[in-house]
Amino acid sequence: MSESPLLSVNNLHVRFPIKAGLLQRTVGEVKAVNGISFEVNRGEAFGIVGESGCGKTTVARAILRLLEATTGNIAFEGNNISSLTGKQLAPFRRKVQAIFQDPFSSLNPRKTTLDIIGEPLRVHALAEGDGVRQRITDLLEMCELPARFMELYPHEMSGGQRQRVGIARALAMEPELIVCDEAVSALDVSIQAQIINLLEKLRQELGLTYVFIGHDLSVVRHLCNRVAVMYLGRIMETADSETLFSQPQHPYTRALLDAVPDPDPLTEAEREIEPLHGEVPNPSNPPSGCVFHTRCPVAEERCQHDAPPLVSLTPSQSAACWLVKQPFSNS
Ligand code: SF4
């Protein structure tokens, strides 16, 4: 019998009211997330990618219960997280940790690493007395930082070192799931690679599960086993990483992949790229039919009024496009 998923997101909708006027009346709503579903198994790294404004960070915040689902539900270890209250919430807050884009703003500038990691260790009774320093030393070592970083303030570290401290703080809670929200986007490319390699090493050694939110497909490809591509609050395509990058089926996925530069400058110079035209439409007034039709290079007449469902193409790949049943040529 297969193990039940660690995280299940079921038909999640998140809407934000638009208020206007002196009385702040609701005049509309932003459909930030519009009916998405996915599951993440233990030990997996699940990537969510898309352009800015596609709703991926809203999904991350909903999983962390930093905002409530409008409808639908999120289950962690089989329990609907919106029904957790009081004492039930504490273990959830410990088991589900986050690593954010900007470690400088997520670490208290007036505290040393000793306090930044030591306080939650004490609050959750995960270490006490002399054991706190030893545990922090071990956590820093796991994150490839020497013990002397315990005495440093965030401003005394580089961006990559701060992100390592952020990861050590998340690990201190002995989490089951870490939500990485653009966790390497603010770092230089060489530092990004080091942090990604560290996250992968920790996943293997500690059996961690990640939901990795990002816009850089090459980063997601390196770390994630499975990937969902989001556009205007919906999942356009989901597949295991290898399939998504070698055989993308949705025109939006193909456009995103086309935009990734080839590392070989000669090949890159010869590549004919069809750029994705236009901006992501306003989520308070999304296009009718297929939400991608205003930018899709192969849109048909029906795409303007009929929204395609997300259909399974193989057991590991699904896409929401009327054309996916007639496989795209890769020419
Ligand atoms: Fe393009 Fe139509 Fe497919 Fe949407 S359904 S991605 S508009 S071809």
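This is a predicted model: local features need pLDDT of at least 70, side-chain atom pairs count only at pLDDT 80 or more; totals for chains, interfaces and linings use all residues.
Figure 1. H6 gives the largest share, three residues. The volume of the second largest cavity is about 30 Å³.

**Figure 2. The largest cavity and the residues nearest its centre.** The count of cavities of 30 Å³ or more comes to two. The largest cavity holds about 90 Å³ of space. Its lining is made of 15 residues, and Cys-290, Cys-296, Cys-303, Cys-321 and Trp-322 lie nearest the centre. Of the residues lining the largest cavity, 12 are nonpolar, two are polar and one is charged.

**Figure 3. The second largest pocket, with S6 and H6 in its lining.** About 390 Å³ of space lies in the second largest pocket. Helix H2 (86–95), S6 and H6 are the elements that give two or more residues to the lining of this pocket. Which element supplies the largest share of the lining of the second largest pocket? The largest share, four residues, comes from S6. In total, 17 residues line the second largest pocket; those nearest its centre are Arg-93, Val-96, Gln-97, Ala-98 and Met-173. By class, the lining of the second largest pocket has 10 nonpolar, four polar and three charged residues.

**Figure 4. The crossing of helices H4 and H5.** Two packed helices are described by the angle between their axes and the distance between the axes. Helix H4 covers residues 113–123 and helix H5 covers residues 130–142. Their axes come within 10 Å and cross at roughly 115 degrees. Angles of 65 to 115 degrees count as roughly perpendicular, so H4 is roughly perpendicular to H5. H4 passes H5 in a right-handed crossing.

**Figure 5. Residues in the contact between H4 and H5.** On the H4 side, the contact is made by Thr-113, Leu-114, Ile-117, Gly-118, Leu-121 and Arg-122. On the H5 side, Val-132, Arg-133, Arg-135, Ile-136, Leu-139 and Leu-140 take part. By class, the contact of H4 with H5 has seven nonpolar, two polar and three charged residues.

Terms used:
Residues are numbered from 1 along each chain as its sequence is written. Side-chain values use heavy atoms; hydrogens and water are left out. Axes are lines fitted to C-alpha atoms, for helices over the stretch in contact, and angles run from 0 to 180 degrees between N-to-C directions. Angles under 35 degrees count as roughly parallel, over 145 as roughly antiparallel, 65 to 115 as roughly perpendicular and the rest as oblique. A crossing is left-handed if the near helix is turned anticlockwise from the far one by less than a right angle, and right-handed if clockwise. Contact means heavy atoms within 4.5 Å. Ala, Val, Leu, Ile, Met, Phe, Trp, Tyr, Cys and Pro count as nonpolar, Asp, Glu, Lys and Arg as charged, and the others, Gly among them, as polar. On a 1 Å grid over the protein atoms alone, a cavity is a set of points where a 1.4 Å probe fits but cannot get out, and a pocket is an open set with protein on both sides within 12 Å along at least five of seven lines; lining residues have an atom within 4 Å of a point. Grid points are joined across faces, edges and corners, and a volume is the space filled by probe spheres set on the points.
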